[in-house]
Amino acid sequence: MSLSRVARGAWFTPSDLAEKFASQAVERFFRPFATYDGRPLTVFEPGTGDGALLVAVGREYARRLSLFVPPDRREEAQHYWLREFGRRRLLQGIELDPTSADRTREALVALTGEDRAAEGIRVGDALFEPWPRARLVVANPPYLGGGKISGALGSDYRRRLVDAFPLLKGTANLATCWLQKAIQEGIGHASWILPMACAQGDSRLAGLAPMLASGWVITNATTNIPWPGDAAVNVALVHMQPRERSHSDFLAELGQSHSTQPHL
Ligand SMILES: C[S@@+](CC[C@H](N)C(=O)[O-])C[C@H]1O[C@@H](n2cnc3c(N)ncnc32)[C@H](O)[C@@H]1O
């Protein structure tokens, strides 16, 4: 699909905001008193633009990891980790626009010093492709009011969207499809840059509300940030994780599986 920048909602995150977002997104993996658990942080971004968020998250994660070594070895440690992220293709994404995908690839290769980092990025429609398994999903999806979707993307595409994401109704923003997709994909931790419209009305019912009802909790949110570029919109940085199952949830599930599947 070849679309204009406006139709793709291609407003790229400026570096200041990307750094703030990355710091909040990565913080949760370094809770006070928690020790690094050694599992690699795989990060997936649908709609990478020029790679601003993936780069900021990769850089921040390497910086945090480097704090485990003495100060005089931290720079070396950051380079080591960034190279590892590249070598192991831990930063991944799907981007609709081939030119933007190339920019993301270049940015990841420059960040990590590894050509293999480019292989984590593919061109495609992230709303209609399976997402790779990742510990953290980050996204700044395209924003488009419900009434403008057919005009910008065509009525056939809108019909496809409604078939795939049935809560897209009334004035619900296109960005809510990305939240519905996240539910369908059963993702883990997620960090979003969302228009404030997502907290209200049809958009809330089509995105945040079902996500919260499906078991995610918001662990951190910074709201009402005026977009620092030329798009006249206020955004929120929203960080989520799946609700931890309590002992009683576990027992309730056990009870359910006994009643529906007595042979287990
Ligand atoms: C708001 S921009 C954000 C870009 C980047 N995440 C950032 O924060 O700078 C949205 C990006 O998603 C891409 N995009 C729009 N619809 C898409 C889709 N269905 N699948 C994949 N990428 C898409 C656009 O081309 C654009 O690069």
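In this predicted model, the residues of the shell around the ligand comprise eleven nonpolar, seven polar and four charged members. Of the 22 residues around the ligand, those that come nearest are Phe 12, Thr 13, Gly 47, Gly 49 and Asn 140. Among the elements that contribute to this shell, α2 and β2 (91-95) each supply at least two residues.

The packing of the helices was then examined. Two packed helices are described by the angle between their axes and the distance between the axes. For helix α2 (residues 52-66) and helix α3 (residues 74-87), the axes come within 8 Å and cross at roughly 135 degrees. The crossing in which α2 passes α3 is right-handed. On the side of α2, the contact is made by Gly 58, Ala 62, Arg 63, Leu 65 and Ser 66, and α3 contributes Arg 74, Ala 77, Gln 78, Trp 81, Leu 82 and Phe 85. By class, the residues of this contact of α2 with α3 are six nonpolar, three polar and two charged.

Helix α3 also packs against helix α4 (residues 98-112), with axes that come within 8 Å and cross at roughly 140 degrees. The two helices α3 and α4 are therefore oblique to each other. In this contact, Leu 82, Arg 83, Phe 85 and Gly 86 of α3 meet Leu 108, Leu 111 and Thr 112 of α4. The contact of α3 with α4 is made up of four nonpolar residues, two polar residues and one charged residue.

Terms used
Residues numbered from 1 in each chain as written. Predicted model: local features only at pLDDT ≥ 70, side-chain atom pairs only at ≥ 80, totals over all residues. Axes fitted to C-alpha atoms, helices over the stretch in contact; angles between N-to-C directions. Helix = DSSP H or I, 4+ residues; strand = E, 2+ residues; numbered from the N terminus. Left-handed = near helix turned anticlockwise from the far one by under 90°. Contact = placed C-beta atoms within 7 Å. Nonpolar A, V, L, I, M, F, W, Y, C, P; charged D, E, K, R; others polar. Near = placed C-beta within 6 Å. Parallel < 35°, antiparallel > 145°, perpendicular 65-115°, else oblique.
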